[in-house]
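Dear colleague,

Here is the structure I said I would pass on.

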Amino acid sequence: MDVTKIREEFPILSRVLYKRPMVYLDNTATSQTPRRVVDAVVNGYTHTKANVHRGVHTLSQEATELQESARRRVASWINAGSEREVIFTRGTTEALNLVASSMGGMVLAPGTELVLTVMEHHANIVPWQLLQKRLGFEIKVVPVNERGELDLKRYRELLTGRTRLVSVCHASNVLGTVNPVREMIAEAHSRGIPVVIDGAQAVPHLKVDVRELDADFYVFSAHKMYGPTGVGVLYGKEKWLEKMPPYQGGGEMIESVSLEKGTTFAELPYKFEAGTPDFIGISALSQAIDFMDEVGIEAIAAHEHDLLEYTQRRMIEEIEGMRIFGTAPGKCAIISFLVGNIHHYDMGMLLDKLGIEVRTGHHCAQPLMHALGVEGVVRASFAVYNTRGEADRFIDALKQVTEMLR
């Protein structure tokens, strides 16, 4: 894999911050975007901007075909049974809110239970808590061990005759842990329990086959996989989507509307796509998938794993007081850490002055921070365009900041 050539596709990587070449290590929050995706967005706004599914004129027909072509591309990429099972949203957060409101509202009630894990992003906690206040069901939580792995024995114990739904991340945005979701889904299905998978942190690094996983729902965001912002995907098994009520009302999701007789709804997938979608961003998502496929997900994963192992080893060996959170084997290229008693915000601010862009704070995972016994951590995360040279610069800057703050 020619990383130098790949980097040429990302103009932002040539930025200079504080007279130093920028090193971007905040990929878990948002990855950068290759030229082909930017070009697709520009082309959409300058050549084919017209509302989809709305008109018989040429621009509307072209825009509609670009969006529906992207739907077919996504369906093929994740091996969905049909493009009817692919719903476009504004991101993982909206997709999870949709499932919580629609599916959750259908199966959860007082006396029933939902199973989450302590490592969930707030997007996979708060929507369920909002629903819990309305419906009165109970939320059970799977803990993690000292390596950041889920306690699977406890998970099995939490699955009872009252459990109606499980919702779990495929990979942790803090620990990098890749959860054994295939086995967790099978365990839940053996008891007749459907499972929601938050795949936001998995799809940039792993090959995802929703039918092989047998996931009932699988959600992810374009902006974490080299795509545009404001675009997400909800995959759902057709048998569930057919039963679920619409999440939002408005244009596009209707079959007919009558003030006297009420409303009937459109067929899948449009029943869940009220209003004008980001059809330009959606069409550009196809280019992000093409980019990942051309590089190869296995090559991306191998490159990121090399950076992870190299950087993590040097951090442990060369920096006194280094604490790394999440040491599960096979984890994604995410390193969350603290050095001694240095505050994560101080560390992040000074690293920024040296041109190193990392994330600090609780990472929208406060329950996990509480379980780890910390307020927040510094997080460095890698993508296909990062290099060992950048890892070296990160280590050098980390040493410098550590000496300044001790």
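An open sheet is formed by 4 strands in the order β13-β14-β17-β16, with antiparallel pairing. Strands here are DSSP runs of E of at least two residues, helices are runs of H or I of at least four, and both are numbered from the N terminus; two strands pair if DSSP finds at least two bridges between them. The edges are taken by β13 (322-325) and β16 (359-361), each with a single partner strand, so one side of each has no neighbour in the sheet. On average, neighbouring strands of this sheet are turned by 30° against each other, direction ignored. β13 pairs with β14 (residues 334-339) in the antiparallel sense over 4 bridges, and Met322 has Val339 in β14 as its bridge partner. Helix α11 (residues 297-318) packs on the sheet and touches β13 and β14, where contact means heavy atoms within 4.5 Å. The direction of α11 makes about 10° with that of β14; axes are lines fitted to C-alpha atoms, for helices over the stretch in contact, and angles run from 0 to 180 degrees between N-to-C directions.

The model is predicted: local features need pLDDT of at least 70 and side-chain atom pairs pLDDT 80 or more, while totals for chains, interfaces and linings use all residues. Residues are numbered from 1 along each chain as its sequence is written, and side-chain values use heavy atoms, without hydrogens and water.

On the cysteines, a search of the whole structure gives 0 disulfides (cysteine sulfur atoms within 2.5 Å). The closest cysteine sulfur to that of Cys169 is in Cys332, 10 Å away and too far for a bond. Cys169 is buried at a relative accessible area of 3%, and Cys332 is buried at 4% (buried is under 20%, exposed over 50%, partly exposed in between, with a 1.4 Å probe and protein chains only).

There are 8 aromatic pairs, that is, rings of Phe, Tyr and Trp (its six-membered ring) with centres within 6.5 Å; planes under 30 degrees apart are stacked, over 60 edge-to-face and the rest tilted. One of them is Phe10 with Phe291, edge-to-face at 5.5 Å centre to centre and 75° between the planes. Phe10 lies in the loop between α1 (3-7) and β1 (16-17) and Phe291 in helix α10 (residues 279-295), so this pair ties together parts 281 residues apart in sequence. Both Phe10 and Phe291 are buried. Together with Tyr226 and Tyr385, they form one aromatic cluster.

Regards
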